[in-house]
Amino acid sequence: MSPLPNYSRIPSPNIWVLMSVLAVMMLPVAPTVSAQSGAGTDAGVMSAELPEPRKAPRVREKDIDPTVLRARYVEALGQLADGDRRAALESLGELEREFVEPSMKLDEGPLWEVQGEVALDLSRRNPEVLVPILMLHHDASGLFQQQRVWHLARRSRLLTASLADSYADRARSEGSRVVAARTYASLGGYLHKIMSTRNCRCTPFYRRALDYDPKNEAALLGLATVFEKAGDPVAAVAFLRKLVNVHPRNREAALRLAINQLRSGFRRPAVRGLEELTEVEGPEWVVAVAFQELARHYTDREDLQAAMDVLQRGRERLPGNEPLALQYAYLLERDRQLNQAAEVLAAFRSEPPRQAADARARYNHWPAATVDDVRRELWQGAESRLPMLAAALNQTKIGQEG
């Protein structure tokens with residue numbers, strides 16, 4: 001057993017805290033993802049701005065007047081057409097809370113029928129109006145999930161998916177299939193946020209997205225992450241290879257591919273991939289993890305000099321990065337270069353590093369950034385179609401008045 005290095009000559013605020021952080025940082029990338037619940041922030045969902053929902057009185061299906069349901073639903077769509085997404089989402093939420101009970105079947109009942117009929121009526125002349133409608137229900141699914149109203153979250157997901165299928169079927173264009181794929185991928189993302197097991201309910205949504213668009217970035221990355229966290233790197237590699245082939249600039253996908261190749265025993269392409277990531281432009285957290293994993297690979301092979309060379313390059317590329325410096329100090333200590341290790345650690349005199357695990361935390365989280373990009377793209381398309389929705393609503397009202 002090697003003696004502990006003597007750092008007593010070097011001023012240091014808390015060597016043991018620093019080395020504890022190093023021990024955590026040296027662990028392999030975690031095979032599990034912590035579930036996120038509660039009121040978070042998702043692109044397209046404005047729950048933080050909405051008031052607390054009122055508890056609706058119990059209602060029986062036989063007491064529901066479809067005329068009232070239609071009027072209130074059309075009112076919510078009118079608010080959406082006017083560009084007031086917040087008011088539309090609030091109105092829709094109140095409507096569903098009031099007229100949908102947990103005991104009711106999710107894809108049946110008076111409100112389900114009315115919402116389907118209204119969407120069909122509005123889309124007869126122009127199926128493009130379905131895009132803002134489905135996005136309103138898409139946001140409702142995220143809102144209800146954040147509020148933990150699980151039966152309404154499930155119902156909104158089903159209705160959103162149904163509207164996406166209808167849009168792809170009625171528009172019959174490549175663009176409509178891309179929209180449907182993005183919608184399914186985003187719905188899968190909501191479920192992925194709260195579950196990351198092999199049996200994650202997000203998986204069918206991701207697969208359905210790939211049915212519409214085999215190149216869908218969010219779905220491929222989502223499925224790869226599900227299998228990676230389930231401890232199946234071979235399956236993860238299969239999806240990641242497809243993703244890197246069609247989206248070669250996705251640095252997160254390239255990083256995950258290299259790490260899962262290492263886990264699967266494909267060392268040469270994995271090392272080559274990690275080396276490339278340390279040299280190309282990309283998000284800092286991706287570059288940092290690439291340096292860490294490459295150094296860890298050489299450390300596992302007892303090639304300490306190669307590992308230290310990697311970390312020295314990493315420190316030059318990312319000056320001030322605490323995890324790389326701590327990993328470097330650890331290897332110097334293992335190589336009995338105690339004075340050099342002490343000098344590296346002496347740089348942390350002010351306070352213990354607070355962001356030492358940021359890069360790994362980002363890696364171990366589900367791919368939220370990619371899904372957020374999808375949701376922004378979906379809403380950009382929906383907003384461009386709001387005038388179409390307004391025109392369809394006006395035509396419907398005129399027809400009713402006539």
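This is a predicted model: local features need pLDDT of at least 70, side-chain atom pairs count only at pLDDT 80 or more; totals for chains, interfaces and linings use all residues.
Local features are taken at pLDDT of at least 70 and side-chain atom pairs at pLDDT 80 or more, while totals for chains, interfaces and linings use all residues. Residues are numbered from 1 along each chain as its sequence is written, and side-chain values use heavy atoms, with hydrogens and water left out.

I begin with the rings. The structure holds three aromatic pairs; rings of Phe, Tyr and Trp (its six-membered ring) pair if their centres lie within 6.5 Å, and planes under 30 degrees apart count as stacked, over 60 as edge-to-face and the rest as tilted. One of them, Y184 with F205, is tilted, at 6.1 Å centre to centre and 40° between the planes. Y184 lies in helix α7 and F205 in helix α8, so this pair ties together parts that are 21 residues apart in sequence; helices are DSSP runs (H or I, at least four residues), numbered from the N terminus. Y184 is buried at 7% relative accessible area, where buried means under 20% (1.4 Å probe, protein chains only). F205 is also buried, at 15%.

I turn next to charges over rings, meaning NZ of Lys or CZ of Arg within 6 Å of the ring centre and within 35 degrees of the ring normal. R85 lies over the face of W379, 3.8 Å from the ring centre, and R256 over that of Y363, at 4.2 Å.

Finally, N321 sits in the loop between α14 and α15. N321 is buried, at 13%. Beyond its neighbours within four places in sequence, N321 is in contact (heavy atoms within 4.5 Å) with E284 and A288.

Definitions and conventions: Helices (H or I, at least four residues) and strands (E, at least two) are DSSP runs, numbered from the N terminus. Buried means under 20% relative accessible area, exposed over 50%, partly exposed in between (1.4 Å probe, protein chains only).
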